[in-house]
Amino acid sequence: MEEALELVGLTKVFGEQRAVDDLSLTVPARSFFGVLGPNGAGKTTSLSMAVGLLRPDGGTARIFGVDVWRDPTRAKALVGVLPDGLGMPERLTGREVLTYLGLLRGLPEDEVARRAAELLEVLELDHEDDKQVIGYSTGMRKKLGLAVALLHAPRLLVLDEPFEAVDPVSAATIRTILHRFIAGGGSVVMSSHVMALVEQLCDRVAVVADGKVVAAGTVAEVQAGGSLEDAFVSLVGASTRGAEGLTWLSH
Amino acid sequence: MALALTYATSRTLVRMRLAAFRHGLDDQFRRSWIVTGGFVGLALAGGTLWLAGRGDHDVLAVVLAVWMLGWVVGPLFAGGGDETLKPEYFTMLPLPPRTLSAGLLVAALAGVAPVISLIALLSLVVVSGGVAAALVAVPALLLQLLCFLLASRLAVAVYGVLLQVRAGAVIAALVNAFILAFTAQGWALIVAFVSTDVQGAFATGARIAPSGWGLVAVEAAGRGEWLEVLAALAGLVVLAVVMLLAWSALLVRRTTGSRTGGTVRRQLSARTGAGAAGAKELRSWTRDLLYGHRAVFAVAYGLFFCMMPLAIGMKSMLPWAGPAAVVMAGSMTANLYGADGTAFWTTLMTPGSSRADVRARQRAFLLVFGPSTLLITLLLTWWSGDTRAWPLVLSALPALLGGAAGLVVACSVYAAVPTTDAHKRSGNPLNSGENEGETMGIVYVMLVLVAATCAPALILALYTGWWGVPVGVLSGVLAWWYFGRVAARRLDARGPELLTLLRHGRSPAEQAKKTAGFDALPKWRRTLAGFCLGFGAIPLFPQAVVPAIFKLTGNHDTKSWFLALYQDGPWQWIVIVLMAVLGLSMYAYGGLTYYYAKKNAPDGSVAVAAG
């Protein structure tokens, strides 16, 4: 089976802390792959290294066999990325951002215009044409980010928390888009900490904790008979506290 | 009740600020800025006390006015003043606005700058000359300090409000440029207005300004005129209260206002990648008020700087307004990637776009500053009627434009200063992060570097006249091409590192790595090296290069603060050479200290340290 994304021994050290520690992962082509993990587990760091946004201290990543760090230009043509919490060209409107990035990617002018119009309409951003990105809400920024990721029709999407701060209606739209993308032969890697969403959307998952993969496989394999949430809690070894103490909260 | 709450709030805010200050000291960069700044401040405060000791009240009044001006103008250039504690942090606390602003004010007193100003203000005690006057001096100097601080905060707040609308941004830029040009060339205006008693007029003005009220009180106490003492002190109190109220009102506005971009007038209509990159960059200049503000500031500064001497009929500086504007523009806009923040990821993820992006930024710079400075140069040189100036300015201008367009992108890539992302910024448009010191350092270095790019063409023009022009054009094109290429290659090779820097700032670990060798040096050598790098420009440029140019161009009217021009005959050249040697040695000492420290760093190479 062809691999859409292959992470090999990725390592990143920030000061004393090994944020990602010899992390290896294989995402088969045409799969919808969820990366789960508690806050600070190294999800964002791993995905940044996987697509060429953050240089690893060790290991590498391959997108459809192309080494991201040896041949970034070819690799970046194959992937669309939605990073979490990064800026945008703030002084452009949504349509202008898409036009600008599409032209930079070498798409013909009329094609860029067509795709931008369609993406904005589907994502319900087409009424905001006089608004600069700096005035966008968090959810709107996410949707525009997704449009940027899709614009050049990549074979792989890498999405960091694509559903965070997105309203339910838009979330449903995004789910539909992603399903269509998979049906059309694409592959998706998505990080999230919303278990229900991952359970519902993904066919494969990996659980990351302390910068390592602690479990990976099909959803059924990782669930091991229980719910994904139970499996997750037992895998990352977190105790569910919050019931005891905090007596001063009672009125 | 209200007083108790204010006290408790102030106490907590002071503790927060001190805690942040302590953490700041862990950071080598911040520490070196704090130490350097503290050192310079102490020297200035010492100078003020020395002046007070000499007993010349008139001079002291003027010096105190300069201190206040420093408090008001300083933050406008250094990222909106100290904002360790941003008002936005506290919006959700159930505190009345005035309690919060009083607390923030008290917290603002707990810093290096207020302590230094306090030392300088002790000069009021020094000049008091009697027990009664000394007793008056104590409240007077405390009130004076409070007014300095409040004036500073209020200026930042007013400025912040202005910067939210286009017209305001332009007005603020003009005022700002006028003030800064005035500090250098204001003598001409003053000489023009008061041709007889310059110092006396200065001193009278400085006593009328609020910065002189403390001194007025102390002097009145010395003469036993208690009514005047009371009036002066009461004036300070009233002023402080009024400024506090105004500041609280503006704080409320700041923390409750919304921040959206204005409406868009013209949609992007480029057809190619390169065109799109250029169109995007131009929109930063036309839509981002801070960009527009900087552009107006740079051009206005050049104009004011060279036109103020007109007040005494001196036209010989007119031709240089255009070149001065370009130098200022280059140094004000040398952090393009830092200003765009993490939006850089879009360039990084678009294969092959770094060259287009760099060249687009260069084109936008040239488009904004090229035609305007050329027009200014042509008009003002014609106006000056100085025919000998034509080949000089027409050689220098293209060299400077190309040099600035090249250096701006190279500096933006190699020495990016991380700022807070635009969509996460606070309500203070001047405050774009917490790296004011670094930003200021780059402004100074770029002033020198950009100015230096016209040296070959200018020297040639001085000796051969019009031959300087083609050389200027050639050197401009070369600098534009070469530095742009260097910047684009660097983006290709180290783009991810730049993004990491913009995203997370410099991590303590990286800083430790960066400065390990330097830290191993004795403290006095580190301080001395920092001082040399920071101030080497003063002997080298204003005291050597500029007077040399004046002498070569036959300008004998302007002496200003150019030490050499106050000497006789051959001594002028001797002073110029000595100053140049001093400046260059300072740079050499500082640079070599850094270089060897990095070479000897535990993990090795200079390349790592430079990265």
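What share of the 611 residues in chain B is buried? Buried residues, meaning those with 20 or more other C-beta atoms within 10 Å of their own, the C-beta atoms being placed from the backbone, make up 47% of chain B.

This is a predicted model, in which local features need pLDDT of at least 70 and side-chain atom pairs count only at pLDDT 80 or more, while totals for chains, interfaces and linings use all residues. Residues are numbered from 1 along each chain as its sequence is written, and chains are lettered from A in the order in which they are written.

The secondary structure of chain B consists of 26 helices and zero strands, where helices are DSSP runs of H or I with at least four residues and strands are runs of E with at least two, numbered from the N terminus.

| Domain of chain B | Residues |
|---|---|
| domain 1 | 2-256 |
| domain 2 | 277-504 |
| domain 3 | 507-611 |

Taken over C-alpha atoms, the centres of domain 1 of chain B and domain 2 of chain B are separated by 32 Å.

Turning to the interface, 39 residues of chain B are in contact with 34 residues of chain A, two residues being in contact if their C-beta atoms, placed from the backbone, lie within 7 Å. The elements of chain B that give two or more residues to this side are α12 (273-287), α16 (344-348), α21 (468-504) and α22 (508-519), and the largest share, seven residues, comes from α12(B).

Terms used: A residue is buried if 20 or more other C-beta atoms lie within 10 Å of its own, exposed if 12 or fewer, and partly exposed in between; C-beta atoms are placed from the backbone. Domain bounds come from an automatic or database domain assignment.
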